Amino acid sequence: MNKKTFIFDLDGVIVDTAKYHFLAWQNLAKQIGVNFTHEDNEQLKGVSRVQSLELILGWGNKTATEEEKERWLHQKNEEYLAFINKMDESEILPDVERVLQFLKLNNQNVVLGSASKNARPILEKVNIMHYFDAIVDGNDVSKAKPDPEVFLVGAAKVNAINKNCIVFEDSVAGIQAANSAKMTSIGIGEQNVLNEAEYCFIDFTKISNEFLLEQIKN
Ligand code: BG6
Ligand code: MG
């Protein structure tokens, strides 16, 4: 059997943490007097914490000192962590575990490629750490998606070549990162948003074992 490397984004792919990021950013935005909607939140998907704050400040035409930014980033993360601490297995998105189990059963590499600095505690909270052969998160890379660094480091950790990697992503920036690394990109979400993805599925319930086998064999 061929060995391929399946790289999973975390937020919005394995767990629906986007809603917690949204609530925490929304509170901060309100406090600093910036209007922040669900549509704005789409643009923060896949984007690092620091860059997210810069975008929010830009939308409100606000300037801030480095000290203020540090304080706000800390505050946002503390609030986000309060949500994370309450997470359990029930927050794993539908059929994600079926796909993880199928890939491990077929002796495939499974890697995490996330922009989040909170990735490890989240994987522990929802009890799926054991599926991963390697983990690359926001602590391991300096260039944010759409730069492919996070996926390139992930591939290197399991000695895989790029063209043998398949990436699951819910963000536009993440799909662009996978494409520029010449990896197979699979969008998880709306086709009209993720139109640069090679394949797109609304969620993992639509990804059959046959489709996964095709990816392994090709
Ligand atoms: C990405 C999320 O996975 O991680 C972004 O899509 C988030 O919304 C980014 O800003 C950084 O996450 P964290 O947990 O390090 O603040
Ligand atoms: Mg994501």
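The largest pocket of this predicted model holds about 680 Å³ of space. Here a pocket is an open set of points, on a 1 Å grid over the protein atoms alone, where a 1.4 Å probe fits, with protein on both sides within 12 Å along at least five of seven lines. Grid points are joined across faces, edges and corners, and the volume is the space filled by probe spheres set on the points. Lining residues, meaning those with an atom within 4 Å of a point, number 35 in the largest pocket, and Val47, Ser48, Arg49, Ala115 and Ser116 lie nearest its centre. Sorted by class, this lining has eleven nonpolar, 14 polar and ten charged residues; nonpolar covers Ala, Val, Leu, Ile, Met, Phe, Trp, Tyr, Cys and Pro, charged covers Asp, Glu, Lys and Arg, and the others, Gly among them, are polar.

Helices α1 (18–31), α3 (49–59) and α4 (66–84) each supply at least two residues of the lining of the largest pocket, and α4 gives the most, with six. Helices (H or I, at least four residues) and strands (E, at least two) are DSSP runs, numbered from the N terminus. Because domain 1 (5–15 + 89–217) and domain 2 (18–84) both give residues to the lining, the largest pocket lies between them; the domain bounds come from an automatic or database assignment.

The second largest pocket has a volume of about 430 Å³. Its lining consists of 22 residues, with Gly12, Lys45, Asp170, Ile188 and Gly189 nearest the centre. Twelve of the lining residues are nonpolar, four polar and six charged. This pocket, too, lies between domain 1 and domain 2, since both give residues to its lining.

Turning to helix packing, the axes of α5 (residues 96–105) and α9 (residues 209–217) come within 11 Å and cross at roughly 40°. That makes α5 oblique to α9, a term for angles that are not under 35 degrees (roughly parallel), over 145 (roughly antiparallel) or 65 to 115 (roughly perpendicular). Axes are lines fitted to C-alpha atoms, for helices over the stretch in contact, and angles run from 0 to 180 degrees between N-to-C directions. The crossing of α5 past α9 is right-handed, that is, the near helix is turned clockwise from the far one by less than a right angle.

Two backbone details deserve a look. Most residues other than glycine have a negative phi, and most peptide bonds are trans. The peptide bond from Lys145 to Pro146 is cis, with omega near 15°, and Pro146 sits in the loop between β3 (134–136) and α7 (149–157). Asn61, in the loop between α3 and α4, has a positive phi, near 55°.

Residues are numbered from 1 along each chain as its sequence is written, while chains are lettered from A and ligands numbered from 1 in the order in which they are written. Local features need pLDDT of at least 70 and side-chain atom pairs count only at pLDDT 80 or more, whereas totals for chains, interfaces and linings use all residues; side-chain values use heavy atoms, with hydrogens and water left out.
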